[in-house]
Amino acid sequence: MSDLIADIAVGVPLKQLFSYRVPDTLSAAVRVGMRVRIPFGRRTTVGAVLALREGDGGELKELKELLDSEPLLPEGLIRLLRWAADYYCHPVGQVVKNALPGDVGSDKTQTKILNEPCYQLLKTEPPPRGSKQRELLDFIAAHGEASLTRIREQIAAPHASLKTLVAGGYLAETERERIRDPFAAEDIPPDRPPVLNDDQRQALAAVTSALDAGGFKDFLLHGVTGSGKTEVYLHAVEHCLSLGRQALILVPEISLTPQLVARFRARFAARAVGIAVLHSGLSDGERYDAWREIVRGRVQIVIGARSAVFAPLENPGLIVVDEEHDASYKQGEGFRYSARDLALVRGQQQGCAVLLGSATPSFASYYRSEEKGLTRLELPRRVHSGALPQVELIDLREQAPEGALSNALIEGLQQTLERREQALLLLNRRGYAPFLLCADCGESFSCPNCSITLTFHQGQRRLRCHYCDYVDVVPESCPTCRSLNIEAPGAGTERLEEELAELFPTARIARMDRDTTGRKGAHQQLMTAMLGGEIDILVGTQMVAKGHDFPGVALVGVVSADSAFNLPDFRSAERGFALLTQVAGRAGRAAGGGRVLIQTYNPDHYALDCAVAQDYAAFYQLELPFRQELGYPPCGHLVNLVFSANDHGEVQQAAQRCGAYFSRHGGAIQVLGPSPCPLARLRGKYRYQLLLKGAERAQLRRLLTRLDEAAGLLPKQVTLHIDVDPLDML
Ligand code: ADP
Ligand code: ZN
Ligand code: ZN
């Protein structure tokens with residue numbers, strides 16, 4: 001006899017799907033993409049049905065219950081998830097769980113569908129007595145029907161009157177699902193699209209013709225800051241919707257880009273276009289509801305951060321990856337996927353146009369546009385014909401400053417303040433000082449769990465580890481030599497703020513970093529104050545370089561260019577170049593142009609030259625030989641294997657054994673290491689890495705199929721993390 005069998009992804013660290021028989025009572029209702037409750041070992045757990053088939057299920061256990069009345073995962077998305085699990089060597093159940101909103105994929109999910117009363121009009125005659133009753137009746141008559149939430153937005157305390165109207169036969173009351181919508185009460189006035197300039201029109205034409213053709217096509221939109229990239233996205237989305245398909249917009253971090261969301265909402269406000277925003281600031285319930293609205297086809301535009309690449313759109317036609325170079329598209333822990341790369345895969349699978357946009361494209365994308373046929377669209381000019389800012393280097397070897405700021409930068413700030421313009425200062429290190437040091441014996445203070453110095457936070461009088469959040473009090477004296485000469489050399493944003501307050505006592509100074517924007521809404525407040533001209537000098541970490549438009553900023557100062565270039569990573573030049581170019585782009589977006597001052601001890605660095613000239617093509621030409629020579633991405637491919645354990649000897653041995661195994665079976669693959677990770681100890685664990693390098697992705701993937709065998713060599717205490725296409729190798 002033939003049974004219905006469900007192949008189910010379960011959130012456990014195992015690669016395979018688990019098969020269950022579907023009992024007759026559920027066989028009519030079960031669909032691919034639904035969550036189900038299943039017996040698993042000695043417990044019950046929740047899984048997702050990824051496939052249904054006929055077969056002999058005699059030996060199989062039965063699934064117990066369906067948790068959804070409609071699928072949460074459309075088939076197109078399941079295909080992407082399975083591809084990703086395979087490519088990133090990550091258990092498919094955990095990949096599915098990672099994609100689902102909030103706690104919906106977990107065993108003990110609390111997220112519920114909410115219901116609420118909904119009212120339909122039955123009659124309006126004879127007119128009811130109370131004025132509130134008449135008001136309610138008019139409101140509901142105008143809409144045909146209305147939910148309690150909608151009614152409450154308009155009319156206060158409607159309960160008693162609604163009850164009377166139902167009792168009097170005016171209204172019928174039914175139960176409806178309530179969608180938790182973070183935008184429900186806000187209205188946004190529609191905007192008027194500007195007429196595109198020639199560059200924008202050309203870029204758009206390329207995208208729309210790909211949309212019309214209907215298949216997969218990818219583009220790199222390389223446009224300097226303020227060149228009107230967002231406007232191209234908006235027009236392309238409009239075209240995509242007119243073809244009856246949906247659009248997915250990915251941004252590096254959505255809480256930093258409320259302006260972008262507002263522009264989309266304003267552009268489509270006049271039309272019945274559903275826009276969903278997916279981000280970590282939503283409650284689990286809001287995310288769950290947005291997800292179901294997307295599955296049901298009530299949403300045409302999804303805007304979200306990294307994990308929104310898994311938005312359950314049925315038929316996306318366009319995927320935009322804004323600021324595609326941004327490292328936050330890569331998830332650094334657990335399921336280490338790149339949302340930018342998966343956007344391209346999804347585009348291939350579902351026949352979409354994929355638009356990667358940036359002022360400073362990733363080296364990988366630019367390389368593909370030079371070498372591999374990715375179409376590059378250029379927006380070389382700013383929209384408001386504002387000149388690009390004038391960038392100058394300050395050589396700190398010639399004029400070493402007493403504090404963090406050189407005389408030249410102090411003078412620049414002085415002038416800016418006198419002209420009542422705004423300044424932005426970038427220092428990519430939060431806290432007061434990067435470490436404390438005993439001036440007598442040289443002892444410094446490190447995290448007991450990680451091989452990194454503790455950062456001194458003056459405001460809290462604490463030492464903090466920025467990796468594991470270890471906190472310690474500031475010692476009165478050196479624990480080694482008892483000296484009281486404890487110094488805090490170097491500067492973080494907190495000290496810079498203090499130094500500025502001393503230099504410019506009347507200036508209004510604010511700081512934007514992870515310490516000042518932790519509170520909900522704090523980031524937005526700073527943005528509003530800056531845009532409203534209530535701040536003269538804004539100090540911040542790389543957060544200030546991301547995606548903001550500050551038209552009033554006339555001076556941008558980079559306190560230390562060198563910190564960006566000195567990381568032990570082959571991408572440090574690329575990152576430094578991008579950061580400096582991005583932050584320089586914040587200057588003088590309005591008329592008049594702006595000035596950018598960059599402090600450095602190493603003014604001869606090639607990437608610095610290119611950043612000063614804001615010349616991406618030149619940077620590319622200088623960087624390419626390094627990558628080619630060493631076979632580093634994109635001229636080769638990497639997989640990083642990170643071993644960690646509490647015991648140093650154990651992890652070292654395990655890494656060596658695996659290294660030997662891969663050297664034996666690797667063929668053309670180069671096996672580098674094992675060596676201690678640059679962060680040799682993290683959160684109490686010792687860490688070693690083994691880097692696999694290959695000219696072809698296919699070779700690496702073939703080797704990875706042997707990974708299980710290699711992992712079998714590891715003792716249980718040693719954890720192995722696989723990072724395919726690693727970005728961060730600290
Ligand atoms: P980017 O995304 O490249 O930084 P934006 O699309 O945000 O650039 O454009 C910068 C500013 O110029 C925005 O205020 C935008 O509304 C405006 N803008 C863009 N394109 C045009 C245009 N063709 N005509 C007039 N204003 C435009
Ligand atoms: Zn000492
Ligand atoms: Zn630590």
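Donors here are N, O and S atoms within 2.8 Å of the metal (3.2 Å for Na, K and Ca); water is not among the atoms, so sites may look incomplete. I noted that this is a predicted model, where local features need pLDDT of at least 70 and side-chain atom pairs count only at pLDDT 80 or more, while totals for chains, interfaces and linings use all residues. Residues are numbered from 1 along each chain as its sequence is written, chains are lettered from A and ligands numbered from 1 in the order in which they are written, and side-chain values use heavy atoms, with hydrogens and water left out.

**Entry 1: the zinc ion**

I looked up the donor atoms. They are the SG atoms of Cys 438, Cys 441, Cys 478 and Cys 481, lying 2.3 to 2.4 Å from the zinc ion. Next I checked the angles. They run from 104 to 113° among the four donor atoms, and the site is tetrahedral. The ideal angle for four tetrahedral donors is 109.5 degrees.

Cys 441 is partly exposed, at 37%. Buried means under 20% relative accessible area, exposed over 50%, partly exposed in between (1.4 Å probe, protein chains only).

**Entry 2: ligand 1**

I listed the residues around ligand 1. There are 16, and Val 195, Gln 200, Lys 229, Thr 230 and Arg 263 come nearest. A residue is near if one of its heavy atoms lies within 4 Å. The shell divides into five nonpolar, seven polar and four charged residues. Ala, Val, Leu, Ile, Met, Phe, Trp, Tyr, Cys and Pro count as nonpolar, Asp, Glu, Lys and Arg as charged, and the others, Gly among them, as polar. Helix α8 (residues 229-242) gives the largest share of the shell, three residues. Helices (H or I, at least four residues) and strands (E, at least two) are DSSP runs, numbered from the N terminus.

Then I looked for polar atom pairs. A polar side-chain atom of Gln 200 lies 2.8 Å from a nitrogen atom of the ligand. A polar backbone atom of Glu 231 is 3.2 Å from an oxygen atom of ligand 1. For Arg 263, a side-chain N or O atom is 2.7 Å from an oxygen atom of ligand 1. Taken alone, ligand 1 exposes 560 Å², and the protein buries 76% of that. These areas come from the Shrake-Rupley method with a 1.4 Å probe; for residues, only the protein chains shown count as cover.

**Entry 3: Gln 202**

I found Gln 202 in helix α7 (residues 198-213). Gln 202 is exposed, at 60% relative accessibility. Gln 202 and Val 232 are 30 residues apart in sequence and 9.8 Å apart in space, C-alpha to C-alpha.

Which peptide bonds are cis? I noted one between Pro 633 and Pro 634, with omega about 5°. Another runs from Gly 673 to Pro 674, with omega near 10°. Pro 674 sits in strand β28 (residues 670-682).

I also checked phi. Cys 89 has a positive phi of about 50° although it is not a glycine. Cys 89 is buried, at 13%.

How values were computed
Polar contact = N/O pair within 3.5 Å; in protein donor to acceptor, adjacent residues only side chain to side chain. Tetrahedral: all angles 85-135°; square planar, octahedral: opposite > 155°, others 65-115°.
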